[in-house]
Amino acid sequence: MKFNSDGKFKIMQITDMQEIPAISADTLNLLEAAVEAEKPDLVVYTGDQIKGYGVTYKGKGKELERAVAKTINTLLEPVTKRNIPFAVTFGNHDRQVGISNADQFKDIYKALPNCIGEQAEGIDGGGTYNIPIKASDGSDRDVFNLYLFDSGTDAKGGGYEPFDKSIIEWYKKTRDNLKAKNGDYVSSIIFQHIPMPEYYNILKRVKKNEKGAIRAFRTHKNEYYKLGDTCRKGDMLEEPPSIPDINNGEFDAISEKGDVLAVFVGHDHKNSFVGRYKNVDLGFTQSSGFNVYGNRTKRGVRCFVLDESNPNKYETYTRTYDELVGKKVSRPVFDYISSKAPATVDAAIPMIIKAVSVIALIVILIILLTKLL
């Protein structure tokens, strides 16, 4: 990867397609329109490419692998048919299909044209590596750097796994090696699926009854939040960031030298915002898949524009379905219902309790009315 002759380099982040073999036409329309409109130099997929849970992928062994590969090949076709380089990391749901991230990376993604990146040495699985972006003059100087981290999967007993400490150590070693080669720390952006606990530091805790307040769970149980002051006009917080219960110090590591400008994640489908904590931008990108819950026609992708002459700054913006494709979707009823679905088990529990309470009240009223009449 290198900067173009005009000194620019454009990245597109696509996250949470979470698709099934019967891929939504709306998902493909969004991806096709976004890639055609933006013409990125690199596409980064940040996990949950497929809906690994449930019963949508059938069979075992080679039959299962063929079904998963067919879905992935179709989802990536807007990129691969245009010969655009792409990189991929994984979310909590990819491996749940029954094929490890390592095998998906090696046997499915790497079989496609222009899949770049090699798994980091000494790190298990797939989807952890770095991508240097070199100078436009053809020299070996690394002007910018991208990190992709596999941020793990669901934890036993609920929530999400703590971030892998071995990835933190690998990052530090890679960061220092880049400095030794280039004479200084290289400006970088991190892409991963699950947000860090520090994402709550760019939000503002508010009272329960404040308009727009979003209820949080687990380590922030019964707390309510809105976007903080460092977030941008038009940003969206529609659900609480789903973070690991245990903080293994990822943010402390990536913020200590000033090389990491930003971290961008997916995971929470309806969120799309950028805020700043200490010296690092923390950003969410909304989901792009229409076969799972999301923010309706505000589903989209995120673009980043890097400038070779000023690598310590970057521009970012989103492109959404409604502006690229239109307001109509192929399954409006499903889309509406899925947009109201709880994002996690923790979010579902109070909804279930409320529904059961309402049903119980109706039953009691019927019994009382029957006795009175």
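This is a predicted model: local features need pLDDT of at least 70, side-chain atom pairs count only at pLDDT 80 or more; totals for chains, interfaces and linings use all residues.
Is arginine 218 buried, partly exposed or exposed, and what is its relative accessible area?

1. Arginine 218 is partly exposed, and its relative accessible area is 33%. To find this residue, look in the loop that runs between strand S8 (214-215) and strand S9 (224-227). Its backbone deserves a glance too: arginine 218 is not a glycine, yet its phi is positive, at about 55°.

2. Glutamine 18 sits in the loop between S1 and H1. With a relative accessibility of 2%, glutamine 18 counts as buried, because the cut-off for buried is under 20%.

3. Next comes helix H1, which covers residues 25-38. From first C-alpha to last, its 14 residues reach 20 Å, close to the 20 Å expected at 1.5 Å a residue. After the helix comes lysine 39, which has a positive phi near 50°.

4. The pairing of H1 with H2 is worth a view of its own. The two helices pack at an angle of about 15°, and their axes are 9 Å apart. Angles under 35 degrees count as roughly parallel, so H1 is roughly parallel to H2. On the H1 side, the contact is made by Thr27, Leu28, Leu31, Glu32 and Val35, while H2 contributes Thr74, Leu75, Pro78 and Val79. The crossing of H1 and H2 is right-handed.

5. Finally, have a look at threonine 285, in the loop between strand S12 (280-284) and S13. This residue is buried, with a relative accessible area of 0%. Its side chain makes a polar contact of 2.6 Å with the side chain of glutamine 13. Leaving aside residues up to four places away in sequence, threonine 285 touches Gln13, Thr15, Phe264, Val265, Gly266, Asn271, Val301 and Arg302.

Key:
Residues are numbered from 1 along each chain as its sequence is written. Side-chain values use heavy atoms; hydrogens and water are left out. Helices (H or I, at least four residues) and strands (E, at least two) are DSSP runs, numbered from the N terminus. The expected span of a helix is 1.5 Å times one less than its number of residues. Axes are lines fitted to C-alpha atoms, for helices over the stretch in contact, and angles run from 0 to 180 degrees between N-to-C directions. Angles under 35 degrees count as roughly parallel, over 145 as roughly antiparallel, 65 to 115 as roughly perpendicular and the rest as oblique. A crossing is left-handed if the near helix is turned anticlockwise from the far one by less than a right angle, and right-handed if clockwise. Contact means heavy atoms within 4.5 Å. Buried means under 20% relative accessible area, exposed over 50%, partly exposed in between (1.4 Å probe, protein chains only). A polar contact is a pair of N or O atoms within 3.5 Å; within protein, one must be able to donate a hydrogen and the other to accept it, and residues adjacent in sequence count only if both atoms are side-chain atoms.
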